[in-house]
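Hi,

Here is the structure I promised to pass on. Have a look at it first, and then read on for what turned up.

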Amino acid sequence: MKVQGTLVSVSNTIKANSNGTQYRTCVVKLADGNNYFAKIWETSFAKGVELGGEYTIEGQQDEDTIWLTVLTGNDAQVATVANLGALFGVAENTLTEEPLF
C-alpha cells in the first residue's frame, strides 16, 4: 500500500535494524490529518529531504500494526503483487488492497 504524506520531522538519532541497515524515525502527516511515526532509511535521508515536503509513504501490515516507510527517490516504485507476486507464490488476483483510511 502506498499513499502520499508530508514529512513533519526526522530524528537526529540513527538506529539499525537486525540486518544492520541504518534508519531514522520520523513523523509523517497523512491524508486523514493525523501524524504517524514512520522510518526513513539512512541512505535516503543522506540524499536530502525537506521538512514539509510531500513523499510517497509505503505501508506494510504486520497483524494489527502498519509500519510506514518514507520513500524519497523520484523514480522509486513500490512493488506490487502484479510485479513480484510470482516470487512469493502469490497470484495477482488473490490479494485485495484495503485502503488505509
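A salt bridge here means a side-chain nitrogen of Lys or Arg within 4 Å of a carboxyl oxygen of Asp or Glu. Searching the whole structure gives 1 salt bridge. Before the details, a caution: this is a predicted model, where local features need pLDDT of at least 70, side-chain atom pairs count only at pLDDT 80 or more, and totals for chains, interfaces and linings use all residues. Residues are numbered from 1 along each chain as its sequence is written, and side-chain values use heavy atoms, with hydrogens and water left out.

The salt bridge joins Arg 24 to Glu 42, with 2.6 Å between the closest N and O atoms. Arg 24 sits in strand E3 and Glu 42 in helix H1 (residues 42-46), so this pair ties together parts 18 residues apart in sequence. (Helices, H or I with at least four residues, and strands, E with at least two, are DSSP runs numbered from the N terminus.) Both partners are buried, Arg 24 at 9% relative accessibility and Glu 42 at 13%. Buried means under 20% relative accessible area, exposed over 50% and partly exposed in between, using a 1.4 Å probe and protein chains only.

Next, the rings. There is 1 aromatic pair in the structure, and Tyr 23 and Trp 41 form it edge-to-face, at 6.3 Å centre to centre and 85 degrees between the planes. Tyr 23 belongs to strand E3 (residues 22-29) and Trp 41 to strand E4 (residues 35-41), so parts 18 residues apart in sequence are tied together here. For the cut-offs: rings of Phe, Tyr and Trp (its six-membered ring) pair if their centres lie within 6.5 Å, and planes under 30 degrees apart are stacked, over 60 edge-to-face and the rest tilted. Tyr 23 is buried at 17% relative accessibility, while Trp 41 is partly exposed at 26%.

Thr 69 lies in strand E6 and is buried, at 4% relative accessibility.

Cheers
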